[in-house]
Amino acid sequence: MVPTLDKPLALPLSFSPSAIEALQAILAQEPLAPGMGLRVGVTGGGCAGMSYVLKPDASTDYDEQHELGGIPLLIDKRHLLYLINMLVDYNDGLNARGFVFKNPNATSTCGCGTSFSV
């Protein structure tokens, strides 16, 4: 039997106000399908060894489910050690536009900032 919690777990990473606004704007244009959430995680690959994941996905048995500004978030529990205390930010400048992952767990990152190693 799986224990249940009286209240949801605290979000193990944070999102800047600009990242939340960007996600809300994207999802206003392309809403998530019923039963879907926004997956935040990592995957093998990239020039530094691991890349970040931020995409619509269905929940699995390994997921923690959270809510952020009306957005359902899915985080694979096996990825938490890579994501804990990370800040997801959004840059809207002329030279750099997009989501930026500021991860204190990364021991090195690639030049473009989309992959890392621990």
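I started with S2 and S5, which pair in the parallel sense over 2 bridges. For my notes, two strands count as paired if DSSP finds at least two bridges between them. Helices (H or I, at least four residues) and strands (E, at least two) are DSSP runs, numbered from the N terminus. I then looked up a bridge in this pair: Arg39 has Leu74 in S5 as its partner.

Before going on, I noted that this is a predicted model, where local features need pLDDT of at least 70 and side-chain atom pairs count only at pLDDT 80 or more, while totals for chains, interfaces and linings use all residues. Residues are numbered from 1 along each chain as its sequence is written, and side-chain values use heavy atoms, with hydrogens and water left out.

Next came an open sheet of 3 strands, in the order S1-S6-S7, with mixed pairing. Its edge strands are S1 (14–15) and S7, each pairing on one side only. I found S6 (residues 87–92) and S7 pairing in the antiparallel sense over 6 bridges. They form a hairpin with 4 residues between them. Across it, Asn91 has Gly98 in S7 as its bridge partner, and Leu87 stands opposite Lys102 in S7.

**The core**

Which residues have the most contacts inside the largest nonpolar core? I got Leu13, Phe15, Val40, Leu73, Met86 and Val88, in a core of 21 residues. H1 (17–29), S2 (36–44), S3, S5 (71–76) and H2 (80–83) each supply at least two residues of this core. H1 gives the most, with 4 residues. The term nonpolar core covers buried Ala, Val, Leu, Ile, Met, Phe, Trp, Tyr and Cys residues joined through side-chain atoms within 4.5 Å. Buried means under 20% relative accessible area, exposed over 50%, and partly exposed in between (1.4 Å probe, protein chains only).

Leaving aside neighbours within four places in sequence, Leu13 is in contact (heavy atoms within 4.5 Å) with Val40, Ile75, Leu83, Asn85, Met86 and Val88.

**Rings**

I searched the whole structure for aromatic pairs and got 2. The rings of Tyr52 and Phe101 are stacked, because their centres are 4.4 Å apart and their planes at 15 degrees. Tyr52 lies in S3 (residues 50–58) and Phe101 in S7 (residues 97–102), so this pair ties together parts that are 49 residues apart in sequence. Tyr52 is buried at 12% relative accessible area, and Phe101 is buried at 16%.

Tyr90 and Phe99 make an edge-to-face pair, since their ring centres are 5.0 Å apart and their planes at 65 degrees. Tyr90 is partly exposed at 21%, and Phe99 is partly exposed at 24%. The cut-offs I used: rings of Phe, Tyr and Trp (its six-membered ring) pair if their centres lie within 6.5 Å, with planes under 30 degrees apart stacked, over 60 edge-to-face and the rest tilted.

I also looked up a charge over a ring (NZ of Lys or CZ of Arg within 6 Å of the ring centre and within 35 degrees of the ring normal). Arg78 lies over the face of Tyr62, at 3.7 Å from the ring centre.

**His66**

Buried or exposed, I asked of His66? His66 counts as buried, at 8% relative accessibility. His66 lies in S4 (residues 63–68).
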